[in-house]
Each structure stands twice: as C-alpha cells, then as structure tokens.
Amino acid sequence: MRTALALGRRGQGHTWPNPAVGCVIVQGARVVGRGWTQPGGRPHAETQALAQAGATARGATAYVTLEPCAHHGHTPPCAEALVAAGVARVVIACDDPDPRVAGRGRAILSAAGIEMQTGVMQAEGARDLAGFFSRITRGRPEVLLKLATSFDGRIATASGQSRWITGPEARRGVHAMRARHDAVMIGAGTARADDPMLTVRGMGALRQPVRVVVARTLDLPQASRLASSALEVPLWLLHGPGAKANAIAAWQDLGARTLACAEGVDGLDMSAAMQVLGAAGLTRVFCEGGGALAASLLRADLVDRLAGFTAGLALGGDGRAAVSALGISELAKVPRFALEDVRAVGSDVLSLWHRT
C-alpha cells in the first residue's frame, strides 16, 4: 500500500476533478502491475495496473488507495474491471465518499466473492486524497497557503522589493509544490505588482496548473504575462457582480475564463469563491498571496494547510507584512494549525502545518 500511495502522488495536480489514485497488483511475492491515474483523470489507476499485469492478475491481490469506482463514465467501473480480471483479493486504503461510489464499489467486489480488506494506511491515504474528499464533502478544494518570508515575517522591504528573500532551492521547492496542485491562486494586487507567470518551470513537460486571480473589479493590466499566455495556460479570473461587462468580454477574448462570485464586506466572499472553484472541478489550490488574499482566506477559515519558507534575514517593522490585518482581538478564537514537518531547504527553513 505504501507503494500504491507513492504512485498515486504522481498524479496530484494532474487528474482533477478525479482523484489521484495508485494501484499495485501482487501475485505471490511479485509485483505484476502498477498504475496511477493519468493526466486528465483517466485511464484510472486500476485500469493501468490491470493492463500491465495481463493474465497474471488472475488470483492476485490488488492494493488500491481509494475504493474502486462503481459508475459508468468515460470508462467502465474499475470494480467491474477487477472482477473481470479474476483478482482474488482487494486491499483498500480509503472508502470513496462520492455518492456515485460510496460503498457500491466494495459491494460489486463482495458480490463477486472477492476478499477485501479496508482501512490499510487509511490516514496516509486520506492525507493524499484530502483535496478530492474536500470537494465532494464540502464543495470546495483543499487550500494550501504558502508564505515566503524573512525571519520577522515580512514579504518585502518598505519600498516593495522582494526578489529574492529566499534562496534558489526554496524557489525550486515552490515550483514542485505548484506542480502537485490543480491551481495556483493570487490576488489582484500581486498580479499588478509582480506581473507573474505562475507556471511550473524546470520540472519537464507536465500539465500546467490553472492560474487563478482574485480580482473583484477585474482591474488587471491586459498588457501582462498572464494575459499574453491565457490561450496557452489556463487563466481563471474570480470577480464580483460589479465587474464591467466590457472588462469581462475583453478578458474572455484574451482566452481567460471569468467566474462571477458574490461579494462580502471587504471584497469577494471567499467562501462563495471557493465553492465556485469546487464546482468548476478544482480539488487542490495553492495560494501564493499576497497579504490581503491571505488574510481574507484566514478570516474565512478556508486555509487547510500552511507552507512557510523562512529566510535568515530581518526586514523590520517597516517591511511589508506577509498577512494583512485580521482584526483579531481574542487569541482563543484564532484558527490553530499543527506542525507536520520542518526541514532545511538550502539556506532557508520550510515548515508545513495542517488545520487542527
């Protein structure tokens, strides 16, 4: 199962709206088939592993990170494929909460007399599949907020200079994180100030994440790298109902997808915005700020994980804060995160946290 989980992670960021699943087929002490969900969500992991195993799948054990699907879509159900292949035993990490499956995959296997074991490395599987589970059960993607700061929590000097606070190893690590997410999200202020591309670079050929910009009024420069690349790499713009029709049309002509969201007290209603992204199929969103967007996500308790790259320098109180004002008056009401991991990345430190 550990191998199946590792295979499933290869698909993270590339399979949405489908889950990134891994499968290993074992005959005796020999692995005869391996597979993971392919880019775009199909073929599924079980189909890949069964194709590799061929006739040796008969009487074998299949290790799958998620309950095999039971519904007919672009491909037949994986549960039926396992039955047809003559697999004798199926070991599953996690049940599938999708109403189209939700126990039906296991029921198909059971009706065929296949032995099953569930809950093997369930916690690890649930961690890997958290984005898919979030979209199914909460209607929104899992959100990871990344901050790259000085030791004293600043993202730029008082004049706005920020390149580069962290070192090249940390920046490469950010590209690897982008590659494992369905989308990279920033606010309009960051888009205007940095003119970023938000693509994954230096990782070979891969399915690029969707670039999402939160821009309530669509006041973004159309002479930008995001605009000029919108036909090649997906660009989604989240805007409020007050955005002007000519701005919406102009961005659509450039190749961007515009998504209207409800407004809250201080800009877009980010809870509603995340529901819009979930309805569009996203399961894992990597938020790179800036400070106003980070604050709005934290205020709405929408951040599921934190990734902090900390550099060994201090910029002082006149530097720009990583997170804008949150209006917190009672410490007891602040959302808490638990430490997952901390490690050196070049000359910087990376800490990973999850919402408790």
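This is a predicted model: local features need pLDDT of at least 70, side-chain atom pairs count only at pLDDT 80 or more; totals for chains, interfaces and linings use all residues.
Local features were required to have pLDDT of at least 70 and side-chain atom pairs were counted only at pLDDT 80 or more, whereas totals for chains, interfaces and linings use all residues. Residues are numbered from 1 along each chain as its sequence is written, and side-chain values use heavy atoms, with hydrogens and water left out.

Secondary structure was taken from DSSP runs, helices being runs of H or I of at least four residues and strands runs of E of at least two, numbered from the N terminus; two strands are regarded as paired if DSSP finds at least two bridges between them. On this basis, 9 strands form an open sheet with mixed pairing, in the order β11-β10-β9-β8-β14-β6-β15-β18-β17. From one strand to the next the twist averages 20°, where axes are lines fitted to C-alpha atoms, for helices over the stretch in contact, and angles between N-to-C directions run from 0 to 180 degrees. Within the sheet, β9 (residues 210-214) and β10 (residues 235-239) are paired in the parallel sense over 4 bridges, and valine 214 has leucine 238 of β10 as its bridge partner. Helix α7 (residues 168-179) lies across β6 (142-149), β8 (183-187), β14 (284-287), β15 (305-310), β17 and β18 (348-355), and runs at about 160° to β15; contact here means heavy atoms within 4.5 Å.

A nonpolar core is defined as a set of buried Ala, Val, Leu, Ile, Met, Phe, Trp, Tyr and Cys residues joined through side-chain atoms within 4.5 Å, and residues are classed by relative accessible area as buried (under 20%), exposed (over 50%) or partly exposed (in between), using a 1.4 Å probe and protein chains only. The largest such core has 33 residues, and those with the most contacts inside it are Met1, Ile25, Ala62, Leu66, Leu82, Val87 and Val90. At least two residues of this core are supplied by each of α1 (2-9), β1 (22-27), α2 (45-53), β3 (61-66), α3 (78-84), β4 (89-94) and α6 (130-138), with β4 giving the most, namely 5 residues. When neighbours within four places in sequence are left aside, leucine 66 is in contact with Pro19, Val21, Glu46, Ile92, Cys94, Asp95, Asp96, Leu129, Phe132 and Phe133.

Several backbone features fall in loops. A cis peptide bond with omega of about 5° joins tryptophan 16 and proline 17, and proline 17 lies in the loop between α1 and β1. The peptide bond from arginine 42 to proline 43 is likewise cis, with omega near -5°, and proline 43 is located in the loop between β2 (30-36) and α2. Positive phi values in residues other than glycine include that of methionine 121, near 55°, which is placed in the loop between β5 (115-118) and α5 (122-128). Leucine 198 also has a positive phi, of about 65°; leucine 198 is found in the loop between α8 (188-194) and β9 and is buried, with a relative accessible area of 3%.

Salt bridges, defined as a side-chain nitrogen of Lys or Arg within 4 Å of a carboxyl oxygen of Asp or Glu, number 16 in the model. Arginine 138 pairs in this way with aspartate 304, the closest N and O atoms being 3.1 Å apart; arginine 138 lies in helix α6 and aspartate 304 in the loop between α12 (291-299) and β15, so the pair ties together parts that are 166 residues apart in sequence. Arginine 138 is partly exposed at 40% relative accessibility, whereas aspartate 304 is buried at 11%. A further salt bridge is formed by the side chains of arginine 216 and glutamate 263 (3.8 Å, N to O); the arginine lies in the loop between β9 and α9 (225-228) and the glutamate in strand β12 (residues 263-264), so this pair ties together parts that are 47 residues apart in sequence. Arginine 216 is partly exposed at 39% relative accessible area, and glutamate 263 is partly exposed at 35%. Aspartate 341 forms a salt bridge with arginine 343, with the closest N and O atoms 2.4 Å apart; aspartate 341 is partly exposed at 31%, and arginine 343 is partly exposed at 40%.
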